[in-house]
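Subject: Structure handover

Hello,

Here is the structure I promised you. Please open it, then read my notes below.

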Amino acid sequence: MRSLVVFYSRTGTTRTVAHEIRKCLGSDICEIKADNYPRGPIGYLMAGWDAMAKKLPDIKYHKGMTGVPSGYDVVLIGTPVWGFTMASPVRSYITQNKGRFRKLAFFCTQGGSGSDQTFSSMEELSGLKASAKLALTKKRVKQGSYLEYVKGFTGSLNGS
Ligand SMILES: Cc1cc2nc3c(=O)[nH]c(=O)nc-3n(C[C@H](O)[C@H](O)[C@H](O)COP(=O)(O)O)c2cc1C
């Protein structure tokens with residue numbers, strides 16, 4: 001199974017999970033970058049505003065990486081929850097690649113709630129049902145007590 005992990009992370013939590021998923025599946029990986037949401041209060045406000053307004057910011061990929069889904073059996077898309085929905089750079093990515101995904105799985109990190117709404121909006125936007133979903137709190141990731149959840153998530157995609 002050829003898999004690609006594509007994710008956006010503003011403060012590093014979703015990045016930690018994405019790299020763990022990549023390790024479990026032996027996937028290729030691609031980090032989405034956007035200039036609009038720097039760390040700090042201004043970036044936070046911009047992020048909240050754009051998520052609510054369903055903005056589609058310009059995105060690029062981290063150097064040497066590509067998020068092009070063709071050739072992959074499954075693309076695993078990761079996002080932080082922003083205002084009970086996906087982060088705006090992930091909205092841009094799915095919008096740009098709609099119709100090019102064979103199979104999708106989603107993962108997110110959050111403060112405490114909003115993952116169900118986030119996954120529903122990602123399914124609606126992509127036009128595909130996710131084959132697997134994983135929601136983790138930032139606290140769990142920081143504590144390091146999330147690995148068994150990642151194994152369950154990746155295992156369900158492998159059919160084990
Ligand atoms: C603008 C903004 C809105 C957020 N909205 C929510 C939310 O609706 N529900 C929630 O549980 N956490 C929310 N959070 C917290 C993030 O989802 C959480 O900290 C996440 O793990 C950050 O991921 P990252 O470190 O990969 O950027 C929000 C964070 C930001 C910046």
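First, some ground rules. This is a predicted model, where local features need pLDDT of at least 70, side-chain atom pairs count only at pLDDT 80 or more, and totals for chains, interfaces and linings use all residues. Residues are numbered from 1 along each chain as its sequence is written, and side-chain values use heavy atoms, with hydrogens and water left out.

**Ligand contacts**

These are polar contacts (pairs of N or O atoms within 3.5 Å).

- A polar backbone atom of arginine 10 is 2.8 Å from an oxygen atom of the ligand.
- Threonine 13 has a side-chain N or O atom 2.8 Å from an oxygen atom of the ligand.
- Serine 113 places a backbone N or O atom 2.7 Å from a nitrogen atom of the ligand.

**Helix pairs**

Two packed helices are described by the angle between their axes and the distance between the axes. Helices are DSSP runs (H or I, at least four residues), numbered from the N terminus. Axes are lines fitted to C-alpha atoms over the stretch in contact, with angles from 0 to 180 degrees between N-to-C directions.

Take α1 (residues 13-25) and α6 (residues 147-158). Their axes come within 10 Å and cross at roughly 45 degrees. Contact means heavy atoms within 4.5 Å. Among the residues making it are Val17, Ile21 and Leu25 of α1, and Val150, Phe153 and Leu157 of α6.

Now α3 (residues 88-97) and α4 (residues 115-126). Their axes come within 9 Å and cross at roughly 25 degrees. That makes α3 roughly parallel to α4. Which residues of α3 meet α4? Val90, Arg91, Ile94 and Thr95 do, against Met122, Leu125 and Ser126.

Best wishes

Note on methods:
Helix = DSSP H or I, 4+ residues; strand = E, 2+ residues; numbered from the N terminus. Parallel < 35°, antiparallel > 145°, perpendicular 65-115°, else oblique. Polar contact = N/O pair within 3.5 Å; in protein donor to acceptor, adjacent residues only side chain to side chain.
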